[in-house]
Amino acid sequence: MYNVVHIDEKWFYMKEKSIIFYLVKDEEDPIRTYKSKNFITKVIFLVAVARPRFNLQQNVALNGLIGIFPFVIQEPSRRSSVNRHAGTLETKAMTSITKDVMRTFLLQKVLPAIKEKWRREEIGHPILIQQDNASLHPNCEDGEFRLAASYDGLDIRLMCQPPNSPDLNVLDLGFYISIQALQYIESPNSIDELVSAVEKSFQEFEIAK
């Protein structure tokens with residue numbers, strides 16, 4: 001699977017609904033507050049990873065971390081508050097992800113990231129972007145995608161994993177849990193901090209042979 005890029009979407013929450021703390025004697029309980037445990041702020045991310053490459057000296061030639069892209073928008077705030085003035089750009093999570101939005105992210109974020117990070121000596125070999133069969137994903141024969149993917153000498157194609165086979169997507173086999181555990185350590189308090197924490201956790205993921 002050296003030529004496969006796994007992509008998938010994942011909700012990352014600002015806080016865990018419940019968490020276990022181990023305290024020493026006389027240590028005070030940590031303070032964790034949120035308006036509602038059923039409406040914790042969350043952001044969906046599109047993640048793209050590939051199999052890492054190592055050279056003859058066992059050094060990392062390609063870490064496989066293609067990119068992680070938050071579905072967020074920036075809108076001017078309507079009213080002033082103690083934290084910002086009216087009109088200040090405010091980051092908000094996108095709540096509706098459509099096929100057009102997904103295609104835009106593939107064309108404007110995933111494809112450029114692959115072209116930037118892929119090893120030059122592998123140009124000419126097909127690169128397969130594996131997605132699941134969710135209805136919001138573009139068709140594997142999507143004309144707009146095929147046109148954009150044919151530039152720069154790379155042969156990039158879309159493919160769908162077989163139905164009912166989550167074991168074929170490395171993101172569902174522990175990668176998401178790993179970076180989410182790192183993200184929770186950061187304890188973000190805003191969407192901007194949440195995005196920064198998730199991106200930091202993604203980049204700090206340890207690559208091992």
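Mentor: Start with burial. Buried means under 20% relative accessible area, exposed means over 50%, and partly exposed lies in between (1.4 Å probe, protein chains only). R157 has 41% relative accessibility, so R157 counts as partly exposed. This is a predicted model: local features need pLDDT of at least 70, side-chain atom pairs count only at pLDDT 80 or more, and totals for chains, interfaces and linings use all residues. Residues are numbered from 1 along each chain as its sequence is written; side-chain values use heavy atoms, leaving out hydrogens and water.

Trainee: Which side chain meets R157 in a salt bridge?

Mentor: A salt bridge puts a side-chain nitrogen of Lys or Arg within 4 Å of a carboxyl oxygen of Asp or Glu. For R157 the partner is D155, at 2.7 Å from N to O. D155 is partly exposed too, at 27%.

Trainee: How many salt bridges are there in the whole structure?

Mentor: A search finds 7. One of them joins R103 and D142 at 3.1 Å. R103 sits in helix α1 (residues 99-117), and D142 in the loop between β8 (126-131) and α2 (143-149), 39 residues apart. Helices (H or I, at least four residues) and strands (E, at least two) are DSSP runs, numbered from the N terminus.

Trainee: Are R103 and D142 buried or exposed?

Mentor: Both are buried. They also belong to a salt-bridge network with D100 and E144. By contrast, E141, which bridges to R146 at 2.8 Å, is exposed at 53%.

Trainee: What about E9 and salt bridges?

Mentor: E9 is buried but has none. The nearest side chain of opposite charge, K10, is 12 Å away. Here Lys and Arg count as positive, Asp and Glu as negative; His and the chain ends are not counted. E9 lies in strand β1 (residues 4-13).

Trainee: Where does β1 stand in the sheet order?

Mentor: Strands of a sheet pair through backbone hydrogen bonds, parallel or antiparallel. Two strands pair if DSSP finds at least two bridges between them. This open sheet of 5 strands, with mixed pairing, runs β5-β2-β1-β8-β9. β5 (65-70) and β9 (155-160) are at the edges with a single partner strand each, so one side of each lacks a neighbour in the sheet.

Trainee: How many bridges join β1 to β2?

Mentor: There are 9, and β1 and β2 (residues 42-50) run antiparallel.

Trainee: How many residues of β5 are buried?

Mentor: 6 of its 6 residues, so β5 is mostly covered by the cut-off of under 20%.
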